[in-house]
Protein chains: 2
Amino acid sequence: MNDNLHKILHANSEYAKKYSGKAKLGMPPSRKIAILTCMDARLDPAKFAGLNEGDAHVIRNAGGRATNDAIRSLVISGSVLGTKEWLVIHHSDCGMESFTDQEISKSLEEKFDTSEGNYINWFSISDREKSIKEDIERIRRNPLVSDEVNISGYLFDVKTGMLIEIYGENI
Amino acid sequence: MNDNLHKILHANSEYAKKYSGKAKLGMPPSRKIAILTCMDARLDPAKFAGLNEGDAHVIRNAGGRATNDAIRSLVISGSVLGTKEWLVIHHSDCGMESFTDQEISKSLEEKFDTSEGNYINWFSISDREKSIKEDIERIRRNPLVSDEVNISGYLFDVKTGMLIEIYGENI
């Protein structure tokens, strides 16, 4: 086993030693929260939003974008498991701002000698506030999203750790 | 502002007070790790795998499945930001085991009066080990995934907090 995996499994065995109190947590998030945010390594949603195990669904992808898959997850979160408070959180210095869809497709074609990347919507970001707004609107207009869900949008500032409100509640 | 949002923003302001040491973290994950896991509220990947801010990409969706969107994120993680150690982590008592695709589509049709759900692949899970294996295989055969990436598969046991190895390294 390589060092990286060994270190993860060692940390996990330490975590498990203190886990017993969490064994009875139920499946539905107790605080009825779902967060959609970026996979970025600097973001730890549980820490930056004060969430404990059992509190909230956390959905993450490159950019924190409202892709079809993120919406699949949100619909299950809301309609099967009862969440009602959804936050879309993008962040400063996002990798998705560092390339256009055309650029990443070209770069991947050079690396892997396949045009496969040209057929993918990479969801690169050119305007932070606009991407949050578009994503909230896309979620809101999905026919499988209840009007009872509150959706708001924030930007996480990787220089300060602060959540900056972009679109308040009841968007 | 509602109580749920207020509580999140209060926790965030406390987090930001102690953030200064993290302001200089770079965009690429320092430990070159990417984890694909479920949105389930009981899972805190940073805690259960011993990850600090800056260490690893974390991609999460309903089930921790290798959807097209998860693969989009993994390709960016590997080819743009240099991760080489990918873990696919599903878990016991997953909500995705509690319905079939047909059942959730029917339930949503009754709730929202639209057949929209019939057009969605919900990625429900009928066999835990099989779902992990299928997901790893789907990632591995993607032409935009480098052979240099190590991919392994684990099951997180929500009763013990332990990661159980299903498919070791070099799958």
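Across the interface of chain A and chain B there are two salt bridges, a salt bridge being a side-chain nitrogen of Lys or Arg within 4 Å of a carboxyl oxygen of Asp or Glu. Before I go on, this is a predicted model, in which local features need pLDDT of at least 70, side-chain atom pairs count only at pLDDT 80 or more, and totals for chains, interfaces and linings use all residues. Residues are numbered from 1 along each chain as its sequence is written, chains are lettered from A and ligands numbered from 1 in the order in which they are written, and side-chain values use heavy atoms, with hydrogens and water left out.

Back to the interface. One salt bridge joins the side chains of Lys47(B) and Glu53(A), at 3.2 Å from N to O. There are also 34 residue pairs in polar contact between chain A and chain B, both residues at pLDDT 80 or more. A polar contact is a pair of N or O atoms within 3.5 Å; within protein, one must be able to donate a hydrogen and the other to accept it, and residues adjacent in sequence count only if both atoms are side-chain atoms. Helices (H or I, at least four residues) and strands (E, at least two) are DSSP runs, numbered from the N terminus.

Next, the aromatic rings. Rings of Phe, Tyr and Trp (its six-membered ring) pair if their centres lie within 6.5 Å; planes under 30 degrees apart count as stacked, over 60 as edge-to-face and the rest as tilted. The count by this rule is six aromatic pairs over all chains. One of them is Tyr19(A) with Phe156(B), edge-to-face, at 6.1 Å centre to centre and 80 degrees between the planes. Tyr19(A) lies in the loop between helix H1 (3-17) and strand E1 (33-38) of chain A, and Phe156(B) in strand E4 (residues 150-156) of chain B, so this pair joins two chains. Both Tyr19(A) and Phe156(B) are buried, meaning under 20% relative accessible area, with exposed over 50% and partly exposed in between (1.4 Å probe, protein chains only). Ring pairs also link Tyr15(A), Tyr19(A), Phe48(B) and Phe156(B) into a cluster.

Phe156(B) turns up again among the contacts of Ser92(B). Ser92(B) sits in the loop between strand E3 (85-91) and helix H4 (101-112) of chain B. Is Ser92(B) buried or exposed? Ser92(B) is buried, at 9% relative accessible area. Its side chain reaches the backbone nitrogen of Val158(B) at 2.9 Å.

Last, salt bridges within a chain. Over all chains the structure holds 26 salt bridges. Arg42(A) meets Asp40(A) at 2.8 Å, N to O, and Asp93(A) at 2.7 Å, N to O. Asp93(A) is in the loop between E3 and H4 of chain A and Arg42(A) in the loop between E1 and H2, 51 residues apart. Asp93(A) is partly exposed, at 35% relative accessibility, whereas Arg42(A) is buried, at 1%.

How values were computed: Contact means heavy atoms within 4.5 Å. Lists of a residue's contacts leave out its neighbours within four places in sequence.
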